[in-house]
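Me: I would like to go through this model term by term. For each label, tell me what it rests on.

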Amino acid sequence: MAASIVRFTVTRSIGGLRTLSSATYRSSISNVRYIQTSAPRCDVESAAKFIGAGAATVGVAGSGAGIGSVFGGLCQAYARNPSAKNQLFNYAILGFALSEAMGLFCLMIAFMILFAM
């Protein structure tokens, strides 16, 4: 903020009214403050990190859909052929593990983007 000093000289006129006879204006620029912000480059880089991490976590939703599809298929297959329960369950666990692993890889990449770069 710039500090300004104004000095007025007041004289009395006839009838008791005050009038300004002279005014002097002096400005001081020594008390100026500037707003400090971060560099625009850092802001763009952090925004890009957040966008990249968000895009990497989209794979987690695909993992959830894959797990639902695997166990939905298990229920249908078991309803059609109950005698193949053990073999179907082993395939379902394998499908669950692969689908979950892909989701965890996506989450790991998102954390790497946020905290390692």
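Reply: Start with what a helix is here: a DSSP run of H or I with at least four residues, numbered from the N terminus. By that rule, Ser99 has its place in helix H3. Keep in mind that the model is predicted.

Me: What does the secondary structure of the chain come to?
Reply: The chain has three helices and two strands. Along the sequence they follow the pattern β-β-α-α-α.

Me: How do you know that H2 and H3 are roughly antiparallel?
Reply: An angle over 145 degrees counts as roughly antiparallel. Helix H2 (residues 58-80) and helix H3 (residues 85-115) pack at about 175°. H2 and H3 are therefore roughly antiparallel to each other. Their axes lie 8 Å apart.

Me: Which residues make that contact?
Reply: Contact requires heavy atoms within 4.5 Å. On the H2 side, the contact includes Gly59, Val60, Ser63, Gly66, Ile67 and Val70. On the H3 side, it includes Lys85, Leu88, Phe89, Ala92, Gly95 and Phe96. By type, the contact residues divide into 13 nonpolar, six polar and two charged.

Me: What makes the span of H2 close to the expected one?
Reply: The expected span is 1.5 Å times one less than the number of residues. H2 has 23 residues, and 33 Å is expected. From first C-alpha to last, H2 reaches 34 Å. That is close to the expected value.

Me: Why is Ser63 called buried?
Reply: Buried means under 20% relative accessible area. Ser63 has 7% relative accessibility, so Ser63 counts as buried. Ser63 is found in helix H2. The buried residues of H2 are Ser63, Ile67 and Leu74. What covers them includes H3.

Me: What does Ser63 touch, not counting residues up to four places away in sequence?
Reply: Ser63 touches Ser99, Glu100 and Gly103.

Me: Is Ser99 buried or exposed?
Reply: Ser99 has 13% relative accessibility, and the limit for buried is under 20%, so Ser99 counts as buried. Leaving aside neighbours within four places in sequence, Ser99 is in contact with Ser63, Gly66 and Ile67. The buried residues of H3 are Ala92, Ser99, Gly103, Ala110 and Ile113.

Me: Why does Val60 count as partly exposed?
Reply: Val60 has 36% relative accessibility, so Val60 counts as partly exposed. Val60 lies in helix H2. Not counting residues up to four places away in sequence, Val60 touches Gly103, Cys106 and Leu107. Val60 and Phe105 are 45 residues apart in sequence and 8.7 Å apart in space, C-alpha to C-alpha.

Me: What makes Ala61 exposed?
Reply: Exposed means over 50%. Ala61 has a relative accessible area of 56%, so Ala61 is exposed. The place of Ala61 is in helix H2. C-alpha to C-alpha, Ala61 and Gly103 are 7.7 Å apart in space, and they are 42 residues apart in sequence.

Me: How do you know that Leu98 counts as exposed?
Reply: The cut-off is again over 50%. Leu98 has 54% relative accessibility, so Leu98 counts as exposed. Leu98 is found in helix H3. Leu98 and Gly66 are 32 residues apart in sequence and 9.3 Å apart in space, C-alpha to C-alpha.

Me: How many aromatic pairs does the structure hold?
Reply: The structure holds two aromatic pairs. One of them joins Phe71 and Phe96.

Me: Why is the pair of Phe71 and Phe96 called tilted?
Reply: Rings pair if their centres lie within 6.5 Å. Planes under 30 degrees apart count as stacked, over 60 as edge-to-face and the rest as tilted. The centres of Phe71 and Phe96 are 5.9 Å apart and the planes are at 55°, so the pair is tilted. Phe71 lies in helix H2 and Phe96 in helix H3, so the pair ties together parts that are 25 residues apart in sequence.

Me: What are the relative accessible areas of Phe71 and Phe96?
Reply: Phe71 has 29% and is partly exposed. Phe96 has 31% and is partly exposed.

Me: What percentage of the residues of the chain count as buried?
Reply: Of the 117 residues, 9% count as buried.

How values were computed
Residues are numbered from 1 along each chain as its sequence is written. This is a predicted model: local features need pLDDT of at least 70, side-chain atom pairs count only at pLDDT 80 or more; totals for chains, interfaces and linings use all residues. Side-chain values use heavy atoms; hydrogens and water are left out. Axes are lines fitted to C-alpha atoms, for helices over the stretch in contact, and angles run from 0 to 180 degrees between N-to-C directions. Angles under 35 degrees count as roughly parallel, over 145 as roughly antiparallel, 65 to 115 as roughly perpendicular and the rest as oblique. Ala, Val, Leu, Ile, Met, Phe, Trp, Tyr, Cys and Pro count as nonpolar, Asp, Glu, Lys and Arg as charged, and the others, Gly among them, as polar. Buried means under 20% relative accessible area, exposed over 50%, partly exposed in between (1.4 Å probe, protein chains only). Rings of Phe, Tyr and Trp (its six-membered ring) pair if their centres lie within 6.5 Å; planes under 30 degrees apart count as stacked, over 60 as edge-to-face and the rest as tilted.
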